[in-house]
Amino acid sequence: MAGPTGGSGPDIAGSDRVNMAFIALIVAVATIGGFMFGYDSGVINGTQDGLEAAFNLSALGTGFNVGAILLGCAFGAFAAGRLADAIGRRTVMQIAAVLFIISAVWAGAADTSAHFIIARFIGGLGVGAASVLSPAYISEVTPASIRGRLSSVQQIMIITGLTGAFLANYILAATAGGSTAEFWMGYPAWRWMFWLQVIPAAIYLLALLVIPESPRYLVVKKKDAQAEAVLTKLFGAGAGGRKVQEIRASLAADHKPKFSDLLDPVTKKVRPIVWAGLILAVFQQLVGINIVFYYGAVLWQSVGFSENDALQINILSGVLSIAACLAAIGLIDRIGRKPLLLIGSAGMFVTLSVMAWCFSRAALVDGSLHLDDTTGLIALIAANAYVVFFNFSWGPVMWVMLGEMFPNQMRGSALAVAGFAQWIANFGISVSFPAMAAGLGLVVTYGFYAVSALISFFLVQAWLKETRGRELEDMTG
């Protein structure tokens, strides 16, 4: 059977039988997982001072405490597809919600770096699972003609989660008088930044109770009556019955998927489509976007901004990111995925290069870097333009394409491998940033991200094929 994204809803978006209200409810609930993905990832931004003070961390130690969640994400993404095939998409998302709650409580209460790392790893398992299953689940219950737009909602929710974390962190720090200042019940504000995650995680867990299990999973488990009931509610009685038969027929034709499906049966080499997916997954991280999301407050403080100003800049970046994602949603099913990626790569190369130039003009004052007013303004504009270009292109498009570009038979295996590679690259970039910035300087560090953006432009040209308007069943390797 196909992996977690196998199959798609019939392309009947124009039919008056399509229950768009029900589809909207499903998308809204499923993408709360994207919100938690963003919130759990972004909450670390603004807590580094507290972590360093509480655990006496070195630059590398800070990087590992920040990046610990990403190792969990890699394993969560890798395991989620197979686990979802065994016990259901919705069930695995519910497990992810429970992991978010456990992680939030434990991370806030951690008394050692080791405990904090374990807590964040557990949260990462939930983030990794949600990152794979939310768009996968959506792809199984939505019409193909609007699949790109609806799948892109995931990225908006990720950014909304990040922005929500930035806003909560700002309010807590401002109210307490700083992230390390005492806030409530004798605990510093940075601990409450983690504990506050319990609220959206609990909402996610409860909301999952109101949406159905994936109809494709139900057919796999020979629960055709339940699957038809779901599909009928989505697309009408006639379309629901036909889709059950189509899914049943596709399962009869498939062999049990295995990782060897990723190899060409003749040459025994990795299929080009798999390489294309890995390029998308890895280069989305090599351009350095999560440095802005994870270390934004530290970055701006390092060049002369106050903690309060730095946290406000984070909020601005989040709002601009959401606006850019909305623009991408309006265009992704019109002009296609590949043009958006190319625009993003070019824009990120230019803006990252400008940031590197700005940092080259920073002066050392009392042991800290400072930018003059004009250069600081240019750096701020370039950084936010970079965030806009990313969220107009590689942010939403990577997740959309990974969910749709692979043939049905290999989709689960390919998505597992690409998801694992994406999170490992994220871990490498995030953990290495403090040491790179301290040892090589911000100029070299951001220069590396700029070069990666330039390389990504040519790799997209050479390796990626457009997927706009194609049915999932028509994808070839």
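The legends below describe an overview and several close-up views of a predicted model.

**Figure 1. Overview of the predicted protein and its elements of secondary structure.** The protein contains 20 helices and 4 strands, and buried residues account for 59% of its 477 residues. When contacts between residues at least 6 apart in sequence are considered, 83% of them join residues at least 24 apart.

Figure 2. Buried in α20 are Leu442, Thr445, Tyr446, Tyr449, Ala450, Ser452, Ala453, Ser456 and Val460. Because these residues cover an arc of only 155° around the axis, they lie on the same side of α20. The exposed residues Phe458 and Ala462, in contrast, are carried by the face of α20 turned away from its buried side.

**Figure 3. Close-up of the largest nonpolar core, with the surroundings of Leu352.** This core holds 140 residues, of which Leu234, Leu352, Trp423 and Tyr446 touch the most other members. Helix α7, residues 147-176, supplies the largest share of the core, namely 12 residues. When its neighbours within four places in sequence are left aside, Leu352 is in contact with Val287, Tyr386, Tyr446, Tyr449, Ala450 and Ala453; Tyr446, Tyr449, Ala450 and Ala453 are also among the buried residues of α20.

**Figure 4. Close-up of the pairing between helices α1 and α2.** The axes of α1, which covers residues 20-30, and α2, which covers residues 32-42, come within 4 Å and cross at roughly 20°. Since angles under 35 degrees count as roughly parallel, the crossing makes α1 roughly parallel to α2. The residues that meet are Ala28, Val29 and Ala30 in α1 and Ile32, Gly33 and Gly34 in α2.

Figure 5. Although Pro215 and Gly240 are 25 residues apart along the chain, their C-alpha atoms are separated by 9.8 Å.

How values were computed. Residues are numbered from 1 along each chain as its sequence is written. This is a predicted model: local features need pLDDT of at least 70, side-chain atom pairs count only at pLDDT 80 or more; totals for chains, interfaces and linings use all residues. Side-chain values use heavy atoms; hydrogens and water are left out. Buried means under 20% relative accessible area, exposed over 50%, partly exposed in between (1.4 Å probe, protein chains only). Helices (H or I, at least four residues) and strands (E, at least two) are DSSP runs, numbered from the N terminus. The arc is that of the directions from the helix axis to the C-beta atoms. A nonpolar core is a set of buried Ala, Val, Leu, Ile, Met, Phe, Trp, Tyr and Cys residues joined through side-chain atoms within 4.5 Å. Contact means heavy atoms within 4.5 Å. Axes are lines fitted to C-alpha atoms, for helices over the stretch in contact, and angles run from 0 to 180 degrees between N-to-C directions. Angles under 35 degrees count as roughly parallel, over 145 as roughly antiparallel, 65 to 115 as roughly perpendicular and the rest as oblique.
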